[in-house]
Amino acid sequence: MKLILAVVQDKDANRLVDALAEQNFQSTKLSSTGGFLREGNTTLMIGIDDDHVDKALDVIKNNCSQREQMVAPISPMGGNADSYIPKPVKIEVGGATVFVLPIDSFFQF
Amino acid sequence: MKLILAVVQDKDANRLVDALAEQNFQSTKLSSTGGFLREGNTTLMIGIDDDHVDKALDVIKNNCSQREQMVAPISPMGGNADSYIPKPVKIEVGGATVFVLPIDSFFQF
Amino acid sequence: MKLILAVVQDKDANRLVDALAEQNFQSTKLSSTGGFLREGNTTLMIGIDDDHVDKALDVIKNNCSQREQMVAPISPMGGNADSYIPKPVKIEVGGATVFVLPIDSFFQF
Ligand code: NI
Ligand code: NI
Ligand code: NI
């Protein structure tokens, strides 16, 4: 048995929890901020059998990998709005920092 | 020394912290949600000497085990309230998911 | 690679995160309460190479050690405020409880 700690962006957290649940992998969310990723991240704790660690890592990778997204920029305040043509901007979103920890023992009461 | 991570229901968390403190076991609460248990759970971190792990597990078991509780159901909206006899409903409460982790080293500054 | 879990007082947390960042040590904050320290503490997760653990512990020690602080007491309600000479009071602040955990594997996606 292992304990996976995965720090992911808030926006990816619920999709990840659902994708893990589809594999019958239970997770608990801890609210966290800053550091490994931009503000607004979530740390998931996932208790998992040794032989399922690779599958869980795949699920995390598939749902949280860092990727580029085009977003519409905020239009400038004031100025002539009619002549302003917003140009989509590319930003990095997602990403996961994952620790796999050994466990001495595991209990459910 | 070990680190115990115990995910318990919010309603059991304070009683558990007090019961641990009676044994001089210090704990820190992390707010957490979903997953191992129903919504509204708390993750306790407990740093503990190897020879006290079993005692701490007993305290967790005694204060957080899954158990049945009879609750009065909500009376139905509308309808004839006079003729409605609420029948207590049995629900599962509590439960604890516990990981005992090895520690390389421990410090207090 | 190790995972450092450091429970520190809220008032020391941001200074610690900045001091760690100056050494290129990334950290994630988990909100936590009670237990090891007075109410209002923060748990930092720091993923770190084995050969940097000592440096990280130094940074924690230098920014979060328990220390004494003189604070102005609240002046008494009512009474003759003119004749009241507030005497600074010494209180303990800070402190850190630190666990260094082994890691089986580490990933960034
Ligand atoms: Ni299997
Ligand atoms: Ni003892
Ligand atoms: Ni180095």
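Let me start with one interface: chain B and chain C together bury about 1,800 Å², with 63% of that area on carbon and sulfur atoms. Before going on, please keep in mind that this is a predicted model.

On that contact, chain B puts in 20 residues and chain C puts in 25 residues. There is 1 salt bridge between chain B and chain C. Which residues form it with B:Asp104? The partner is C:Lys2, and the closest N and O atoms are 2.5 Å apart. As for polar contacts between chain B and chain C, the count is 6 residue pairs, both residues at pLDDT 80 or more.

Where on chain B does this side come from? Two or more residues each are given by E2, E3, E6 and strand E7, residues 105-108. E2 of chain B has the largest share of the side that touches chain C, with 5 residues. By class, that side divides into 11 nonpolar, 7 polar and 2 charged residues.

Now the other interface of chain B, the one with chain A. Here 25 residues come from chain B and 20 residues from chain A. The buried area between chain B and chain A is about 1,800 Å², and 63% of it is on carbon and sulfur atoms. The salt bridge count between these two chains is 1. It joins the side chains of B:Lys2 and A:Asp104, at 2.5 Å from N to O. Across the interface of chain B and chain A there are 6 residue pairs in polar contact, again with both at pLDDT 80 or more.

The side of chain B that touches chain A draws at least two residues from each of strand E1 (2-9), strand E2 (27-33), strand E3 (41-48), helix H2 (53-64) and strand E6 (96-102). Which element gives the largest share of this side? That is E6 of chain B, with 7 residues. The classes on this side are 12 nonpolar, 11 polar and 2 charged.

Is A:Ile60 buried or exposed? Its relative accessible area is 0%, so A:Ile60 is buried. Leaving aside neighbours within four places in sequence, the residues in contact with A:Ile60 include A:Ile4, A:Ala6, A:Leu16, A:Ile46, A:Ala96 and A:Val98. A:Ser65 is also in contact with A:Ile60, and so is a residue of another chain, C:Phe109. A:Leu20 lies 40 residues from A:Ile60 in sequence, with 8.1 Å between the two C-alpha atoms.

Last, the aromatic pairs. Two values describe such a pair: the distance of the ring centres and the angle of the planes. Over all chains, the count is 6 aromatic pairs. One of them is A:Phe107 with A:Phe109: the centres are 6.0 Å apart and the planes are at 15°, so this pair counts as stacked. The cut-off for stacked is under 30 degrees. In chain C, C:Phe107 and C:Phe109 also form a stacked pair, at 6.0 Å centre to centre with 15° between the planes.

How do the Phe107 residues count for accessibility? A:Phe107 has 28% relative accessibility, so A:Phe107 is partly exposed. C:Phe107 has 27%, and therefore C:Phe107 is partly exposed too. The partly exposed range starts where buried ends, and buried means under 20%.

Note on methods. Residues numbered from 1 in each chain as written. Chains lettered and ligands numbered in written order. Predicted model: local features only at pLDDT ≥ 70, side-chain atom pairs only at ≥ 80, totals over all residues. Heavy atoms only, no water. Phe/Tyr/Trp six-rings, centres within 6.5 Å; stacked < 30°, edge-to-face > 60°. Buried < 20%, exposed > 50% of the residue type's maximum accessible area, 1.4 Å probe, protein only. Contact = heavy atoms within 4.5 Å. Buried area = accessible area lost by both parts, 1.4 Å probe. Salt bridge = Lys/Arg side-chain N within 4 Å of Asp/Glu carboxyl O. Polar contact = N/O pair within 3.5 Å; in protein donor to acceptor, adjacent residues only side chain to side chain. Helix = DSSP H or I, 4+ residues; strand = E, 2+ residues; numbered from the N terminus. Nonpolar A, V, L, I, M, F, W, Y, C, P; charged D, E, K, R; others polar.
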